[in-house]
Amino acid sequence: MMRWYPLAATDDEFLQTARFRLVHIVNVSTDTDHVWSVLTAHDALVSWARLITASEWTSSRPFGVGTTRTVTLGHGAAALRERFYRWDEGRRMTFTAESASRPGFRQFAEDITLEPTSDGTRLTWTFAMDTTPGFAPFLVLSLPILRRVTRGWAHALADKTLDEPKGTRR
């Protein structure tokens, strides 16, 4: 049985002021509805984000504020239990991680915003985190790798939307 470590709740202020923040902006050449459908698919993340090996929506559809999900990295190396505190259908989703399967984080949140553009969608994906004092040096050293991995997820999402015909997922 996996042990869970509680994390402190986050909010919009934390997304802007977190000690560790990664922000990726990617232009996607498809409409926001299609990008949203890939983000909320039953296999969201697993089908296109390297290192994410499981993603389980633990709330029933229709999703909204309060929706929960468990995301696993590396076949159980680490996992997060997430609760969405913002769900603007087709435009924006924001979650706070309620617990982690490994110690080290105090707070963790992600915010994904989709904005229509003249030729598709602008995706802005923000990762915000704070750590325990003992974990901070490790995260500082890992930031270049973490930045590359999370940037890869944003670009892989863009690629996934182009690989998949519109209206085929949910």
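**Note on the predicted model: contacts, rings and backbone**

1. Leu-39 comes first. Setting aside neighbours within four places in sequence, Leu-39 is in contact with Ala-44, Trp-48, Trp-57, Arg-69, Met-93, Ile-112, Leu-114 and Leu-157. Contact means heavy atoms within 4.5 Å. Leu-39 sits in helix α2. Helices here are DSSP runs of H or I with at least four residues, strands are runs of E with at least two, and both are numbered from the N terminus. Leu-39 counts as buried, at 3% relative accessibility. Buried means under 20% relative accessible area, exposed means over 50%, and partly exposed lies in between (1.4 Å probe, protein chains only). Phe-108 is 69 residues from Leu-39 in sequence and 19 Å from it in space, C-alpha to C-alpha.

2. A word on the basis of these points. This is a predicted model, in which local features need pLDDT of at least 70 and side-chain atom pairs count only at pLDDT 80 or more, while totals for chains, interfaces and linings use all residues. Residues are numbered from 1 along each chain as its sequence is written, and side-chain values use heavy atoms, with hydrogens and water left out.

3. Next, the helix packing. Helix α2 (residues 32–39) packs with helix α3 (residues 136–163) at an angle of about 110 degrees, and their axes are 10 Å apart. The axes are lines fitted to C-alpha atoms, for helices over the stretch in contact, and the angles run from 0 to 180 degrees between N-to-C directions. α2 and α3 are therefore roughly perpendicular to each other. The cut-offs are under 35 degrees for roughly parallel, over 145 for roughly antiparallel, 65 to 115 for roughly perpendicular, and oblique for the rest. From α2, His-34, Val-35, Val-38 and Leu-39 make the contact; from α3, Leu-157, Lys-160 and Thr-161 do. These residues divide into 4 nonpolar, 2 polar and 1 charged. Ala, Val, Leu, Ile, Met, Phe, Trp, Tyr, Cys and Pro count as nonpolar; Asp, Glu, Lys and Arg count as charged; the others, Gly among them, count as polar.

4. Helix α3 also holds Ala-156. Ala-156 is buried, with a relative accessible area of 17%. Thr-72 lies 84 residues from Ala-156 in sequence and 18 Å away in space, C-alpha to C-alpha.

5. Now the rings. How many aromatic pairs does the structure hold? There are 14 aromatic pairs. Rings of Phe, Tyr and Trp (its six-membered ring) pair if their centres lie within 6.5 Å; planes under 30 degrees apart count as stacked, over 60 as edge-to-face and the rest as tilted. Phe-127 and Trp-153 form a tilted pair, 6.1 Å centre to centre with 50 degrees between the planes. Phe-127 lies in strand β8 (residues 120–131) and Trp-153 in helix α3, so the pair ties together parts that are 26 residues apart in sequence. Phe-127 counts as buried at 1% relative accessibility. Trp-153 counts as buried at 8%.

6. Ring pairs also link a cluster of Trp-36, Trp-57, Phe-63, Phe-84, Trp-87, Phe-95, Phe-105, Phe-108, Phe-135 and Phe-138. Arg-69 lies over the face of Trp-57, at 4.8 Å from the ring centre. A charge sits over a ring if NZ of Lys or CZ of Arg is within 6 Å of the ring centre and within 35 degrees of the ring normal.

7. Arg-106 belongs to strand β7 (residues 105–117). Arg-106 is partly exposed, with a relative accessible area of 41%. Not counting residues up to four places away in sequence, Arg-106 touches Leu-7, Ala-8, Asp-130, Thr-131, Thr-132 and Pro-133. Leu-7 is 99 residues from Arg-106 in sequence but 5.2 Å from it in space, C-alpha to C-alpha.

8. Check the backbone in the loops. The peptide bond from Arg-61 to Pro-62 is cis, with omega near 0 degrees. Pro-62 is in the loop between β3 (52–57) and β4 (68–73). Leu-45 is not a glycine, yet has a positive phi of about 80 degrees. Leu-45 lies in the loop between α2 and β3, and is buried at 6% relative accessible area. His-75 is not a glycine either, and its phi is positive at about 50 degrees. His-75 lies in the loop between β4 and β5 (78–88), and is exposed at 74%.
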